[in-house]
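Here is a brisk report on how one protein chain is put together. Keep the structure open while reading.

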Amino acid sequence: DIQEVEMKINYFIKYWLPVILYASFIYYLSSLPNPLEQIIPEEALIYFDFQRFLYHIIEYSILSLLLYRALKIKSKNPQTLAILITILYAVTDEVHQFYVPGRISSTFDILIDAFGAIAMQCIINIYEWMKNNY
């Protein structure tokens with residue numbers, strides 16, 4: 001049925017394509033020896049005092065949010081799955097970085113990434129609670 005195929009394509013484009021594009025962006029960043037200096041202009045760096053962990057938290061909380069958004073439509077446990085998939089992706093990202101010259105693979109980064117994923121799901125819970133109670 002054409003209508004069903006169109007619905008599946010629209011679902012994929014709206015919910016899963018952002019996940020895939022964002023995960024690809026993370027992969028691209030991991031391929032750079034020093035992503036901060038290669039993406040943000042050097043003259044702008046004087047205005048930013050970013051810590052490595054802050055990048056990881058933001059990067060993986062966004063991935064967790066996008067996964068939750070895609071999974072909540074058809075999954076019974078979208079938050080748990082979003083966290084687990086995000087952590088699994090963080091592990092693969094660190095393995096990838098191990099093979100990139102100039103990059104370091106770190107278990108600590110995986111823990112920071114997991115924190116970002118969990119923190120985002122907590123924010124979602126707070127948002128949902130406030131939406132339903134106010």
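## Helix 1 against helix 3

Helix 1 and helix 3 are roughly antiparallel to each other, because their axes cross at roughly 160° and angles over 145 degrees count as roughly antiparallel. The model is predicted. The two axes come within 9 Å. The crossing is left-handed.

Helix 1 supplies Y11, K14, Y15, W16, P18, V19, Y22, I26 and L29. Helix 3 answers with I58, E59, Y60, I62, L63, L66, L67, R69, A70 and L71.

## The chain as a whole

The protein chain holds five helices and zero strands. Read from the N terminus, its elements run α-α-α-α-α. The chain has 134 residues, and 33% of them are buried.

## Helix 1 against helix 4

Two packed helices are described by the angle between their axes and the distance between the axes. Helix 1 covers residues 2-31. Its axis lies 9 Å from that of helix 4, and the packing angle is about 25°. The two helices are therefore roughly parallel, since the cut-off for that label is under 35 degrees. Helix 1 passes helix 4 in a right-handed crossing.

On the helix 1 side, the residues are A23, S24, I26, Y27, S30 and S31. They meet Y89, D93, H96 and Q97 of helix 4. I26 also belongs to the contact between helix 1 and helix 3.

## Helix 3

Helix 3 has 20 residues. From first C-alpha to last it reaches 28 Å, close to the 28 Å expected at 1.5 Å a residue.

Its buried residues are H56, I57, E59, Y60, S61, L63, S64, L66, L67, Y68, A70 and L71. What do they pack against? The partners are helix 1, helix 4 and helix 5.

## Helix 5

Helix 5 spans residues 107-133. At 1.5 Å a residue, its 27 residues should span 39 Å, and the end C-alpha atoms are 39 Å apart, which agrees. At the start of the helix, a side-chain oxygen of S106 comes to within 3.1 Å of the backbone nitrogen of F108.

The buried residues of helix 5 are D109, I110, I112, D113, A114, G116, A117, M120, Q121 and I124. They pack against helix 3 (52-71) and helix 4 (78-98).

## Helix 3 against helix 5

The axes of helix 3 and helix 5 come within 7 Å and cross at roughly 50°. That angle makes helix 3 oblique to helix 5. The crossing is right-handed.

Helix 3 brings R52, F53, H56, I57, Y60, S61, S64, L65 and Y68 to this contact. Helix 5 brings F108, D109, I112, D113, F115, G116, A117, M120, Q121 and I124. Y60 of helix 3 also takes part in the contact with helix 1.

## R52 and D109

R52 sits in helix 3, and D109 lies in helix 5. They are 57 residues apart in sequence. In space, their C-alpha atoms are 8.9 Å apart.

Is each one buried or exposed? R52 has 46% relative accessibility, so it counts as partly exposed. D109 has a relative accessible area of 3%, so D109 is buried, the limit being under 20%.

Now the contacts, setting aside residues up to four places away in sequence. R52 touches F108 and D109. D109 is in contact with R52, H56 and E94.

## A114 and S61

A114 is another residue of helix 5. Its relative accessible area is 12%, so A114 is buried. S61 is among the buried residues of helix 3.

How many residues apart in sequence are A114 and S61? The separation is 53 residues, and C-alpha to C-alpha they are 8.5 Å apart in space.

How values were computed. Residues numbered from 1 in each chain as written. Predicted model: local features only at pLDDT ≥ 70, side-chain atom pairs only at ≥ 80, totals over all residues. Heavy atoms only, no water. Helix = DSSP H or I, 4+ residues; strand = E, 2+ residues; numbered from the N terminus. Expected span 1.5 Å × (residues − 1). Buried < 20%, exposed > 50% of the residue type's maximum accessible area, 1.4 Å probe, protein only. Contact = heavy atoms within 4.5 Å. Polar contact = N/O pair within 3.5 Å; in protein donor to acceptor, adjacent residues only side chain to side chain. Axes fitted to C-alpha atoms, helices over the stretch in contact; angles between N-to-C directions. Parallel < 35°, antiparallel > 145°, perpendicular 65-115°, else oblique. Left-handed = near helix turned anticlockwise from the far one by under 90°.
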